[in-house]
Amino acid sequence: VQLVESGGGLVQAGGSLRLSCAASGRMFSSYCMGWFRQAPGKEREFVAAVQWSGGSTYYADSVKGRFTISRDNAKNTVYLQMNSLKSEDTAVYYCAASLIFTGTLNGYDYWGRGTLVTVSS
C-alpha cells in the first residue's frame, strides 16, 4: 500500500483545513487508517483512526470535537477535517494503514511522507 497525503498549508488560528490521503492498491478497504502528527522537536503522536468500514472512529483527546476522520473506500481515500485549529496543531501530518484498529504507532504497517500544517496565531 502506498499512501500520499495532501491538503496541508498555512492557516490562521480558528480556521479549518481538510487533509486527504490517497492510497494505492486494491486492499484499501481491508485496512484501518490512521492520522498521526509530528511537531518540531517532538515525537510522532496519534491523532485519529477509522476502522475499515468507516463505522468506528477513535481520536486523541487533544483533537476530540475539533477533528473528524472519514474514509471513502470507493475512492481509496481517507480524510481528516480539522476545525478550530490552534497553534499547537502545527505539525507534519502523516496517514498510515494498519490491519488492526489501533492508536498505537507501532501498529501501523504503511506510512505516507506527510503534509505540513502550519497554524499561525
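Here, helices (H or I, at least four residues) and strands (E, at least two) are DSSP runs, numbered from the N terminus. Welcome to a predicted model, in which local features need pLDDT of at least 70, side-chain atom pairs count only at pLDDT 80 or more, and totals for chains, interfaces and linings use all residues. Residues are numbered from 1 along each chain as its sequence is written, and side-chain values use heavy atoms, with hydrogens and water left out.

**The sheet**
- Four strands form an open sheet in the order β1-β3-β8-β7, with antiparallel pairing (two strands pair if DSSP finds at least two bridges between them).
- At the edges lie β1 (3-6) and β7 (67-72), each pairing on one side only.
- On average, neighbouring strands of this sheet are turned by 15° against each other, direction ignored (axes are lines fitted to C-alpha atoms, and angles run from 0 to 180 degrees between N-to-C directions).

**Strand partners**
- β1 pairs with β3 in the antiparallel sense over four bridges, and E5 stands opposite C21 in β3.
- On β1, L3 and E5 make up the covered face, while V4 and S6 make up the uncovered one.
- Strand β3 (residues 17-23) also runs antiparallel to β8 (residues 77-82), joined by six bridges; L17 has M82 as its bridge partner in β8.

**A loop residue, T102**
- You will find T102 in the loop between β9 (91-98) and β10 (110-111).
- T102 is buried because its relative accessible area is 13% (buried means under 20%, exposed over 50%, partly exposed in between, with a 1.4 Å probe and protein chains only).
- Leaving aside residues up to four places away in sequence, T102 touches F46, A49, G107 and Y108 (contact means heavy atoms within 4.5 Å).
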